[in-house]
Amino acid sequence: MKLNIKNETGRLKSVVLGQPKSNGPVPTLAESYDAKSYHTIANNIYPKEEDIVFEMTEFEKVLKKYDVEVFRPKIIKDYNQVFARDVAFVIEDKMIISNIIPDRADEQEAYRHIIDKVSWRNVINLPETAHIEGGDVMVWNGFLFIGTSYSPDYRNLKTARTNEYAIEILKEYFPKKRIIDLDLKKNDTKPYEGILHLDCTFNIVGEDKCIIYKNGFVDELDYQLLLDIFGKENCFEVNDQEMFEMNPNIFSIAPDVVVSDKAFTRLNSHLRDEWGITVEEIPYREISKMGGLLRCSTLPLVRE
């Protein structure tokens, strides 16, 4: 397979979609590894497997409607495999294997049959101490936007997934790209006060537009920088509640086609009416309770 990911929105040809089956029992609070999951476990509203299967099946139907080749990881019994974005990610023709948190280390073996389709020369395995997950990496032509945490408490935060060392290594592999690191607020138990991944506070749509949540960044200058790059008129700003509901985490099939949660009425209307984008609406409320949404569920391999 010849990988090709130069941006977030080029016409999608091949993608890995996470696996909703055999999720296992509801985690305990101690077993949760993001604030949204912590919240749903604490409130006894963690999703049922049949609802997760239904929502991901609806997502797959939309992908196939647009003739996208869909791969799935192999099923690991009693294991959450919904969020494919964290296991690996693609930049240009390279697949970077994430050093994900230990709680999810077994997940990568379920992707072996997919990784093996890629030439070994184009698979990058990072040093063990370089931590990064695909939800923190946004590719936009000559830019790489990377969410990270510079908190002195980094080692103790489950939601701090990408560190400075990983960013330095990506600079070596992609020296021609302008890499912009964005320091994200982190909180393991309060979903209104922390950001798990960059794509929960910022996402790119169309050719030159974005969805953004101002309060997700430690330094407001990072938010201002993104507004300067894209232009304020090209930025759709979400509020605290919309961030909690995961509005930024939609998924582009093409510059003019996105998949979005049907509950995102304000965002979806803006995408259609102001930006002329076709919005394929599906139910994804249950999966949102596990700390991720549509972009998190995918690992794009080839875009035109």
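**Entry 1: charged pairs**

I began with a network of salt bridges that links Glu8, Asp199 and Arg295. I note here that the model is a predicted one.

I looked up the total for the structure and got 20 salt bridges.

Next I took Asp261, which forms a salt bridge with Arg285, the closest N and O atoms lying 2.8 Å apart. This pair also links distant parts of the chain: Asp261 belongs to strand β13 (residues 257–261) and Arg285 to helix α8, 24 residues apart. I checked the accessibility of each partner. Asp261 has 0% relative accessibility and therefore counts as buried. Arg285 has 26%, so I list Arg285 as partly exposed.

Lys171 and Glu168 form a salt bridge with 3.4 Å between the closest N and O atoms. Both lie in helix α4 (residues 164–173), 3 residues apart, which is about one turn of the helix. I recalled the rule for this spacing: an α-helix has 3.6 residues a turn, so residues three or four places apart point the same way. Lys171 is partly exposed, with a relative accessible area of 35%. Glu168 is also partly exposed, at 35% relative accessibility.

**Entry 2: nonpolar cores**

I looked for the largest nonpolar core and found that it has 63 residues. Leu63, Phe145, Phe202 and Ile253 have the most contacts inside it. Helix α2 (residues 49–65) gives the most to this core, with 5 residues. Apart from this core lies another, of 19 residues, among them Leu3, Ile114, Val123 and Leu301.

I listed the contacts of Phe202, leaving aside its neighbours within four places in sequence. The residues in contact with Phe202 include Met138, Phe145, Ile212, Leu226, Phe230 and Pro248.

**Entry 3: a sheet and the helix across it**

I traced an open sheet of 3 strands, in the order β6-β7-β8, with mixed pairing. I asked which strands stand at the edges of this sheet. They are β6 (137–140) and β8 (178–183); each has a single partner strand, so one side of each is left without a neighbour in the sheet. Neighbouring strands here are turned by 20° against each other on average, direction ignored. Strand β7 (residues 143–148) runs parallel to β8, and 6 bridges join the two. I looked up one of the partners: Phe143 is bridged to Arg178 in β8.

I then turned to helix α5 (residues 220–230), which lies across β6, β7 and β8 and runs at about 140° to β8. Its buried residues are Asp222, Tyr223, Leu226, Leu227 and Phe230. I asked why they fall on the same side of α5. They cover an arc of only 140° around the axis, which puts them on that one side. I also noted what they pack against: β6, β7, β8, β9 (202–205), β10 (209–212) and β11 (235–237). The face of α5 turned away from the buried side carries the exposed residues Leu221 and Asp228.

Conventions
Residues are numbered from 1 along each chain as its sequence is written. This is a predicted model: local features need pLDDT of at least 70, side-chain atom pairs count only at pLDDT 80 or more; totals for chains, interfaces and linings use all residues. Side-chain values use heavy atoms; hydrogens and water are left out. A salt bridge is a side-chain nitrogen of Lys or Arg within 4 Å of a carboxyl oxygen of Asp or Glu. Helices (H or I, at least four residues) and strands (E, at least two) are DSSP runs, numbered from the N terminus. Buried means under 20% relative accessible area, exposed over 50%, partly exposed in between (1.4 Å probe, protein chains only). A nonpolar core is a set of buried Ala, Val, Leu, Ile, Met, Phe, Trp, Tyr and Cys residues joined through side-chain atoms within 4.5 Å. Contact means heavy atoms within 4.5 Å. Two strands pair if DSSP finds at least two bridges between them. Axes are lines fitted to C-alpha atoms, for helices over the stretch in contact, and angles run from 0 to 180 degrees between N-to-C directions. The arc is that of the directions from the helix axis to the C-beta atoms.
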